[in-house]
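Morning, everyone. I'll take you through some backbone details, then a charged patch, then a strand pair. Here it is on the screen.

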Number of protein chains: 2
Amino acid sequence: GRRIVRVNDVQLTRVEGAYRIVGVDISARALLRRLGPRSLAGRIVGRQIIDWSDVQYLASAAPVQLKVSYDRLADLNPVDLARIVDALSFRESAEIVAALDEETAAETLEEVSDERVADLLEGMDQERAADILEEMTPAAAADALEDLDDEVAEQLLARMEPEEAADVQAHLEYDEDSVGRIMTRDLVRVPADGNVGDALAAIRSMEEVPDPLLAVYVVAPDDPDILIGLVRLRTLLLADHATPLADVLDEDLPSVSAEDRAESAARVLAEYNLLAVPVLDENRRLLGIVTVDDALAVLLPEIWQRRARAFG
Amino acid sequence: GRRIVRVNDVQLTRVEGAYRIVGVDISARALLRRLGPRSLAGRIVGRQIIDWSDVQYLASAAPVQLKVSYDRLADLNPVDLARIVDALSFRESAEIVAALDEETAAETLEEVSDERVADLLEGMDQERAADILEEMTPAAAADALEDLDDEVAEQLLARMEPEEAADVQAHLEYDEDSVGRIMTRDLVRVPADGNVGDALAAIRSMEEVPDPLLAVYVVAPDDPDILIGLVRLRTLLLADHATPLADVLDEDLPSVSAEDRAESAARVLAEYNLLAVPVLDENRRLLGIVTVDDALAVLLPEIWQRRARAFG
């Protein structure tokens with residue numbers, strides 16, 4: 001059902017007859033974590049996030065009041081939702097998260113400050129908390145669990161599906177500012193004796209396709225942990241299906257180690273203009289990849305601090 | 001033909017019977033611009049860059065000497081080639097660049113320090129310099145030309161193909177630390193009334209496919225400068241060809257302005273986990289995009305300083 005949510009710290013701007021959220025007017029503490037107020041002004045292209053009919057000024061109260069149904073909130077970009085969750089009181093933010101489906105809640109919590117995430121997870125039903133953690137990236141779930149009471153963290157891990165819990169625990173084995181903590185195991189492996197059509201089929205047959213999907217990783221036909229090279233999505237799209245992967249793969253790949261500092265992965269990506277870098281263990285076996293979008297956040301302290309704990 | 005190039009500042013490591021370049025032992029000044037010496041050690045996966053037969057120690061001379069034919073040098077990653085060009089004397093680096101084909105020379109110069117690029121361009125035949133500038137990204141060519149004598153820059157621009165020269169001059173209209181200087185106009189536009197198959201056909205029919213290719217930009221059927229949304233490559237690959245673009249496009253796009261500081265584009269990309277962000281003019285018409293790999297370098301002063309001039 002609909003309710004009134006008072007969001008007196010959301011800045012709206014009028015675009016073509018509708019209002020959009022363009023920024024959050026928040027406390028000095030939150031200010032440190034976010035972009036300048038100008039940063040989003042007029043920067044959203046495309047469809048209307050919140051219709052004019054959902055928004056109204058109430059002159060008697062706070063500068064701006066926003067009347068919006070909870071199901072419309074879920075239409076917001078999770079990043080914008082996270083700004084709102086961070087800016088509101090705990091009680092208000094808990095109400096908003098409670099109204100979101102698990103997937104949207106997970107995407108939103110990935111972008112919310114760690115302290116707020118810990119409070120929200122501790123304040124909700126444990127079964128729901130575990131379900132939301134399962135939907136988060138293992139890296140984000142690991143960061144969230146580290147900020148909880150050890151006992152609560154154990155309980156939530158125990159309630160998660162064993163596979164997802166194991167993924168999260170694997171991340172927790174690495175230092176919090178390490179490559180191991182920001183890498184993903186979520187990648188496409190294809191044997192080196194296949195062709196472009198096989199690689200496309202491998203992607204399409206996955207239950208959940210990695211996101212972002214930038215390349216497929218070409219591995220030894222007899223051992224999926226031996227990395228031979230990669231084929232970028234761009235190449236798969238342009239090449240004939242019958243082309244052997246061996247003819248189009250890029251073998252000359254820098255790599256990083258899971259124990260390296262997260263920032264060093266960002267540096268290798270930048271230096272070599274890469275979109276992702278493989279992570280190899282001491283036996284040079286493929287553990288995962290670091291994608292450029294995750295690496296970028298490491299270089300921006302205020303974004304990194306919101307997602308993980310203090311860095312460097 | 002073959003020659004001996006003395007590269008006494010290249011560190012080699014032996015991997016499976018062949019030597020690889022793993023770092024460059026360079027002056028303190030160059031040291032500031034590069035990764036630590038450890039950064040590449042053992043980090044190259046895959047094929048051998050330089051065969052054992054091309055490498056030999058000469059005990060009587062510098063710690064390591066490298067005998068390698070110029071055509072084998074072109075097999076190196078342009079980033080590694082750039083390190084060598086930066087580390088050698090001007091004369092030696094000019095000889096190396098002279099031995100490269102125009103495309104490899106362009107890719108290499110994009111990664112070389114600005115001062116060295118200026119010296120190299122001024123020292124070579126103007127026709128060849130213009131040909132190399134044409135192969136560089138307009139952003140890199142603009143940075144290079146700004147470091148030359150105005151008169152020489154004018155001469156080189158005049159020798160370039162009119163279309164490439166115009167692209168470079170468009171970049172020079174923006175401040176050197178602005179979004180306009182790092183954006184690319186090289187993107188795929190498809191009309192909003194097409195389907196996924198049309199988008200794929202549009203990519204395949206391009207003479208030069210943008211690199212990196214991350215998405216196609218969906219524009220108004222009657223005006224290619226009106227941005228409606230984008231469809232990621234990932235989606236194009238997974239969707240049925242008959243799917244209308246309208247059904248799979250992402251309309252909820254943050255954007256930046258060409259006059260913004262380059263760093264603000266990096267922040268928007270990081271904040272919203274994007275791989276590219278559209279650049280709109282004051283009439284909200286699509287000028288170009290900033291891709292995450294170019295934005296990443298902006299946040300790393302030593303890489304940025306090597307590619308552009310001092311930033312911030």
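One definition first: buried means under 20% relative accessible area, exposed means over 50%, and partly exposed lies in between, with a 1.4 Å probe and protein chains only. This is a predicted model, where local features need pLDDT of at least 70, side-chain atom pairs count only at pLDDT 80 or more, and totals for chains, interfaces and linings use all residues. Residues are numbered from 1 along each chain as its sequence is written, chains are lettered from A and ligands numbered from 1 in the order in which they are written, and side-chain values use heavy atoms, without hydrogens and water. Helices (H or I, at least four residues) and strands (E, at least two) are DSSP runs, numbered from the N terminus.

Start with Asn273(A). Its phi is positive, near 50°, and the residue is not a glycine. Find Asn273(A) in the loop between helix 15 (262–271) and strand 9 (276–280) of chain A. Buried or exposed, or in between? Asn273(A) is partly exposed, because its relative accessible area is 28%.

Next, Arg284(A). Here phi is about 60°, again positive in a non-glycine residue. Arg284(A) sits in the loop between strand 9 and strand 10 (286–291) of chain A. With a relative accessible area of 38%, Arg284(A) is partly exposed.

Now the cis peptide bonds. In chain A, one joins Asp211(A) and Pro212(A), with omega about 5°. Pro212(A) is in the loop between helix 12 (196–204) and strand 5 (215–220) of chain A. In chain B, a cis bond links Asp211(B) to Pro212(B), with omega about 0°. Pro212(B) lies in the loop between helix 12 (196–204) and strand 5 (215–220) of chain B.

Over to charge. Which helices of chain B each supply at least two residues of the negative patch? Helix 5 (102–109) and helix 10 (162–172) do. Glu163(B) lies in helix 10 of chain B. Glu163(B) counts as exposed because its relative accessibility is 63%.

Last, the strand pair. Strands pair if DSSP finds at least two bridges between them. Strand 9 (residues 276–280) and strand 10 of chain B run antiparallel, over five bridges. Pro278(B) stands opposite Ile289(B) in strand 10 of chain B. The hairpin has five residues between its strands, and Arg284(B) takes a positive phi near 60° there. Strand 10 (residues 286–291) of chain B is mostly covered, with five of its six residues buried.
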